[in-house]
Amino acid sequence: MSDAALDLLQRIFGHRQFRGEQAQIVAQVAGGGDALVLMPTGGGKSLCYQLPALLREGCGIVVSPLIALMQDQVEGLRQLGVRAAYLNSTLDAGQASDVERALLAGELDLLYVAPERLLTPRFLSLLDRAQIALFAIDEAHCVSQWGHDFRKEYRELTVLHERWPQVPRIALTATADAPTREEIAERLTLEPARTFVSSFDRPNIRYTIVHKDNGVRQLQDFLAAHRGDSGIVYAFSRKRVDSIAEQLREAGVDALPYHAGMDSAARAANQRRFLQEDGVVMVATIAFGMGIDKPDVRFVAHVDLPKSIEGYYQETGRAGRDGEAAHAWLCYGLGDTVNLRQLINQSQAGEERKRLELRKLDALLGYCESTACRRQSLLGWFGEPHAGACGNCDNCLDPPQTWDGTQAARKALSCVYRTGQRFGAAHVIDVLRGVPGDRATQLGHDTLSTWGIGADLDERQWRSVFRQLVAHGLLEADEHGALRLTAASGAVLRGEQPLHFRVDPPKAARRSRRDRD
Ligand code: ADP
Ligand code: ZN
């Protein structure tokens with residue numbers, strides 16, 4: 001069996017040997033077993049079902065939610081001489097019935113199909129009459145509510161197992177922390193399946209996180225060190241995308257916008273330019289990227305905070321798929337967390353879902369403010385141990401200075417309390433520093449015991465303190481930016497818990513020189 005697999009790998013796909021756990025996965029599925037495969041983007045997931053489909057009798061049915069990706073895969077396979085086809089909404093009735101005829105005639109090795117099409121009674125009964133080699137469920141995290149891309153049709157894919165219990169199933173995903181993983185196995189009734197987890201480390205990606213003063217200017221400094229490189233800039237909203245793309249173009253960067261609010265022709269044209277030309281910078285919302293396979297993306301820059309660590313990992317993972325050095329750069333400030341909270345709270349999602357998303361946001365904030373090796377923290381989130389000291393993240397290359405912030409934290413928290421937990425950081429900082437103004441006078445805040453007790457730090461230092469207090473879960477910013485104490489604040493207020501803060505690097509563009517080496 002393994003000789004046949006290796007032979008096909010070399011003859012059809014032109015690869016000399018299997019990579020990572022591919023050989024074991026192929027053997028498992030070709031032998032009729034189920035598998036759950038977790039492999040980072042670019043790891044080589046497709047082969048894990050393509051080869052077993054060729055090794056087994058019949059046609060491999062691939063469930064994929066992404067039409068663009070389906071077409072790319074099928075085109076690529078056909079060039080290799082594999083008999084592949086897809087069924088989705090882009091085909092007219094005639095084309096679709098040609099594909100169905102080929103399937104029934106045993107003339108297909110692989111058939112890609114969107115989940116909603118697969119689940120139609122018509123297609124299911126078609127499958128009853130066909131010989132099926134295996135079912136591959138791509139982007140399997142879509143079955144999980146905990147994951148970031150839930151699709152309800154994925155929940156109904158259990159029908160595959162119920163209707164064709166003998167047919168092996170392989171579920172694949174590039175994003176799955178432990179809870180998502182469990183949910184995939186459970187929802188797809190894959191419990192007895194073997195799980196194959198590849199390392200999620202992307203050693204060629206350098207991780208850097210900076211604090212926002214003026215995001216767009218900081219982005220321009222960053223881009224100056226990446227002139228001529230292809231890259232992606234992720235921003236929070238469509239409006240931000242449009243405005244940043246325009247500012248970058250004015251500054252001479254070959255930047256293009258991409259978001260779901262653009263008309264589809266313009267969007268497709270921009271995507272095509274990004275894929276085909278060198279040195280295009282795509283400024284985008286997260287609508288851009290799923291299934292984009294461009295190997296030489298040299299950087300992914302987040303000019304606003306992403307929504308979760310999984311999202312951040314997924315988005316930054318689009319850099320450096322060719323294995324060459326690449327840079328993941330993130331710029332964030334307290335305002336970002338306020339915006340994201342607003343977005344979450346105003347969404348249509350249920351209360352439980354909202355709480356979950358807020359927790360994920362908190363975890364990401366903790367990651368941003370951590371002084372530990374970024375790679376270690378990131379992989380730890382996915383349950384993968386790493387010794388740390390990777391030598392290729394900001395915290396390893398330039399270990400952050402810390403200072404004893406116990407007293408400052410106490411002052412900050414008590415000032416939030418005294419002013420009634422109704423104000424944003426800017427006002428509380430004014431009170432701490434005793435900055436005279438009408439507002440303070442009107443509110444009577446200049447008579448509080450905390451008035452002026454923080455004159456020893458400047459505004460920028462206080463902002464850093466507040467940002468880190470939020471990141472450590474010692475303060476909570478509501479969707480209007482008002483700061484409130486949390487259950488954890490008490491111990492700090494009473495002086496029972498010492499606190500160390502990281503020292504923010506000075507404003508100067510020290511970063512951009514580093515980017516080059
Ligand atoms: P994923 O779906 O996990 O993102 P792909 O299946 O698209 O990854 O594979 C990523 C790239 O790696 C492709 O260009 C593919 O040809 C290449 N690849 C996959 N397996 C091997 C292998 N065994 N040897 C060399 N290259 C491989
Ligand atoms: Zn590191």
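Mentor: Skipping neighbours within four places in sequence, V233 is in contact with L219, I244, V281, V283, A301 and V303, where contact means that the C-beta atoms, placed from the backbone, lie within 7 Å. Before going further, a word on ground rules: this is a predicted model, where local features need pLDDT of at least 70 and side-chain atom pairs count only at pLDDT 80 or more, while totals for chains, interfaces and linings use all residues. Residues are numbered from 1 along each chain as its sequence is written, and chains are lettered from A and ligands numbered from 1 in the order in which they are written.

Back to V233: together with M282, V283 and A412, V233 has the most contacts inside the largest nonpolar core, a set of 85 residues. Such a core is made of buried Ala, Val, Leu, Ile, Met, Phe, Trp, Tyr and Cys residues joined through C-beta atoms within 7 Å. Buried means that 20 or more other C-beta atoms lie within 10 Å of a residue's own; 12 or fewer makes it exposed, and anything in between partly exposed, with C-beta atoms placed from the backbone. Apart from that core lies another one of 58 residues, including L51, I132, L157 and I170. In soluble globular proteins, nonpolar side chains tend to be buried together.

Zooming out, 44% of the 517 residues of the chain count as buried. Of the contacts between residues at least 6 apart in sequence, 74% join residues at least 24 apart.

Helices here are DSSP runs (H or I, at least four residues), numbered from the N terminus along with strands (E, at least two). Just after α5, G106 has a positive phi of about 70°.

A389 sits in the loop between α17 (374–381) and α18 (394–397), and Q421 in the loop between α19 (406–418) and α20 (425–433). A389 has 14 other C-beta atoms within 10 Å, so it counts as partly exposed; Q421 has 15 and is partly exposed as well.

Notes. Contact = placed C-beta atoms within 7 Å.
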